[in-house]
Amino acid sequence: MLSYALRRIAMMIPILLGISVISFSIMYVAPGQPAVMNLDPEISFADRAKQIEALGLNEPAPVQYVKWLGNLLRGNLGTSFSRRVPVTTMIGERLPNTLLLMVTAALLALLISVPIGVLSARKQYTPIDYSVTIGAFLGLATPNFWLGLMLIMVFSVQLGWTPVGGVATLGAGFSVLDRLQHLILPAFVLASAEMAGLTRYTRSSMLEVLHQDYIRTARAKGLPERTVIYKHGLRNGLIPIVTIVGLMLPTFVGGAVITEQLFSWPGIGKLFIEAVFERDYPVIMGITMLGALLTVIGNLAADLLYAMVDPRIEY
Amino acid sequence: MRIQNTGLSIAAVASVLLALAGCDGSGGDGAAAASAKPASSEPRYGGRVIIGAFAEPVSSNDLFASDAYSRELAALVFTRLMRMNERLEMEPELAEAPPDVSADGKVFTYHLHHGVKFHDGVELTARDVVFTYRIFKHPDYTGPRASQFSALSDVEAVDDYTVRFTLSEPDARFPANVRYGILPKHLLDKVPVASLGDDRDFNDHPIGAGPFKLVDWTHGQTLTLEANPDYFGGRPYLDGVIYRFIANQSAGVLLLQTGEVDYLLSLPESEAQTVGEMPHVTLLGTLQHGYVYIGWNLRNPLFADKRVRQALAHAVDRQEFVDTILAGHGRVADSPASPVVDWAYPDDLPTFPYDPARAKALLAEAGWSPGPDGVLRKDGRRFSFMLLTNDGNEVRRDLGVIVQQQLAKVGVEVKPAQMEWGAFLDRVQPPRSDFDALILGWNLGNAVDPSNWHSREIAQGLNYGGFSNARVDELVDRSIREVDRTERAATIKEIYRIVADEQPDLFVYNPEKLAALRSDVRGFVLHPRDYIYAPEKWWLDR
């Protein structure tokens, strides 16, 4: 197991390297120049050229890549072109917000979807099951941003229960309740992207398990239905879910871009959008690599967890 | 000669133009300021205004930033020799009076207010002014503004309260350039010029002598300023101003509705009606210092003939566009002259009102005749072109479609298209200049300056269409040297008259600038260029 994990970790290096080359190339091939300065006629071409040179943008792309990689190995992600701030600082300021959002969303998705999925499996082909199925498909079909806007309209504007956006009330001191009020809608919207799928996976996994012989045996032994379902059934039924949860991480990174934008949530997703519009290469690369790293770690964690929860799997 | 200080500032910045047009309430004609309501009582001290901003300033140090938000933030924290008032004229701020100018127009002497204090209590003197303006001339300065001061040969302190700027040659645009926040020499003297722009210790916690002190900047979230009780212009009425950074415009409108934001900087036309219906909010509008236009690529033979360009202007009903799409909140433009600046606005411009019959006649005169498909032809070539603009701007998208419909009536085929902003710029700017026609807007800058019509701006500059006219080149060069405003006004007006006649662009309209303000904020003036102007005079009637 340990050697497997180490091998997998070693494999991450070429994967991440590959991702960096591809991302860097796409970024350079894409039309548009870094907005090192606003398009302002009071700024002359000479001023602009001087700045471009100072940023090293006049060098060939491969040279820029090698320099960037060299800095990366020293833990330096470079300095934002447009904000003149180290990328590590910018990400560091915003990453906690994004992680908070992602972890909350993951918990919400699990706490809501798994019980519903189990319920749906137990009541297969009943009105409850059909409602859950319809609900799940509706959830899959609903765009995140639309759901977010509707929730804001209902809960923030009509009912006034939650704020329209941001992480905390302006000027108010720290309060857990206040933070939760700000967190709940964006976390739910981010979770909703995963909930539908997760419900369906739980349902089918549970259905499969519930038809196994050992469930029949458990029932035959006269065990209470709760024990049968939650002890014998769910434990086995959750095995594939572990993989799904591991794969949720990259989806969350992507989903956060939209959700953060919608709720003015000051995380890396919002930063990423701004960086893309400004062609702020160091910031784009920094966040892309962070996303890539989270993705490979998520995959690895899923594989390792898989072996832990399922004794039949050994590495 | 290098291109300097061309006086226009792009409005093409998509975010700015998202906010075009449409407004309600007090948008008068001309450069009028828009006060929310008549004050019900004398100004009162106290309270805070929360500003909803869709972008974050890059830096409080606007010597190193090029965005409007940074400029506005710098004006809160720092004091400037001169400021541009709502009539777009320079008026004294730190200077006691307008400068003494030498007869040859090369020496400008400013006398400073006495007893002005930085936020840390140290007195601001001529040394700080000299320190600040010498940064622009330093070889390590990589900020965006060096060219604005290319004519500046020396700046020196005559005494503690007198600063003398000496130019190597007369530059009529210079007086508008002394608008940068004065930095404290005693704190920054030891910082290398190359590091000043990246000096987050100072730029996030700046010490200026302006009306407000920056007390907290949580990047991506909020920026908090508190009144400077010792401000030399008098303590601001407000206790503070807080910026709240908002990711998108619909969230901004909702925050305004729920009262979480008092003042929303820039408003898209599509939200104007919603905001106008909010009982506690006043919608403000004033004509912007800028215009929106359709630019012809004059390298394309389709647009080579002046009669064709004039015909195209006759064929587009701009008044109808302003009345319908902009709901009347804008003004038809005939030239690049800004209606906000009276002294440089020619009143005898050639105009091309909507007249399809005249358009057809001009096109026929230029040798274009209808082909079998109804589209005009000349020498086997169809009159068909692509009209390109940036995406995310509904007004420009609509303009493209309307132009398509209206030009079809005179036999011209238009294919409107939109591109992402960065890709769009890459394509239309030199060296590619790969477009037939484009829709773009300009926010005119600090000084009135028609330099972008000079042919030297074609290869490296903002003359995207490639307009070249020897007389205009000569007049532009002259306008830069003319220090006397009457003479300069005559020169500039002549340039605008020629440009209006030549129609290198189809000037469509001067947009109105929109903002939404809580009705109990008083003492507020909507500036044609800046969203935050004279905030020390704002007060709350609560």
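1. Helices, as counted here, are DSSP runs of H or I at least four residues long, strands are runs of E of at least two, and both are numbered from the N terminus. On that basis chain A of this predicted model contains 12 helices and 0 strands. Read along the sequence, its pattern is accordingly α-α-α-α-α-α-α-α-α-α-α-α.

2. As to overall dimensions, the C-alpha trace of chain A spans about 85 × 55 × 35 Å along its principal axes. Chain A has 315 residues, of which 46% count as buried. Where contacts in chain A link residues at least 6 apart in sequence, 72% of them join residues at least 24 apart.

3. The buried residues of α1(A) are Y4(A), A5(A), M12(A), L16(A), S20(A), S23(A), F24(A) and M27(A). These buried residues pack against two helices of chain A, α3 (61-73) and α12 (281-309).

4. The interface of chain A and chain B brings 44 residues of chain A into contact with 59 residues of chain B. The area buried between the two chains is about 4100 Å², and carbon and sulfur atoms give 53% of that area.

5. One of the salt bridges joins the side chains of E93(A) and R200(B), with an N to O distance of 2.9 Å.

6. On the side of chain A that touches chain B, at least two residues each are supplied by α2 (45-54), α4 (87-122), α6 (144-158), α10 (239-262) and α11 (268-278) of chain A. The helix that gives the most is α2(A), with 6 residues. By residue class, this side of chain A divides into 20 nonpolar, 13 polar and 11 charged residues.

7. In chain B, S384(B) is located in strand β19, which comprises residues 384-390. Its relative accessible area is 15%, and since the cut-off for buried is under 20%, S384(B) is buried. The side chain of S384(B) makes a polar contact of 2.6 Å with the side chain of E413(B). Not counting residues up to four places away in sequence, S384(B) touches L302(B), E413(B) and K415(B).

8. The loop between β15 (330-332) and α11 (356-365) of chain B holds L349(B). L349(B) counts as buried because its relative accessibility is 13%. Leaving aside neighbours within four places in sequence, L349(B) is in contact with D334(B), S335(B), Y496(B), R497(B) and A500(B). A337(B) is 12 residues from L349(B) in sequence, and the C-alpha atoms of the two are 9.9 Å apart in space.

9. S338(B) is found in the loop between β15 and α11 of chain B. With a relative accessibility of 5%, S338(B) counts as buried. Its contacts, leaving aside neighbours within four places in sequence, are with H289(B), Y345(B) and L444(B).

Conventions. Residues numbered from 1 in each chain as written. Chains lettered and ligands numbered in written order. Predicted model: local features only at pLDDT ≥ 70, side-chain atom pairs only at ≥ 80, totals over all residues. Heavy atoms only, no water. Contact = heavy atoms within 4.5 Å. Buried area = accessible area lost by both parts, 1.4 Å probe. Salt bridge = Lys/Arg side-chain N within 4 Å of Asp/Glu carboxyl O. Nonpolar A, V, L, I, M, F, W, Y, C, P; charged D, E, K, R; others polar. Buried < 20%, exposed > 50% of the residue type's maximum accessible area, 1.4 Å probe, protein only. Polar contact = N/O pair within 3.5 Å; in protein donor to acceptor, adjacent residues only side chain to side chain.
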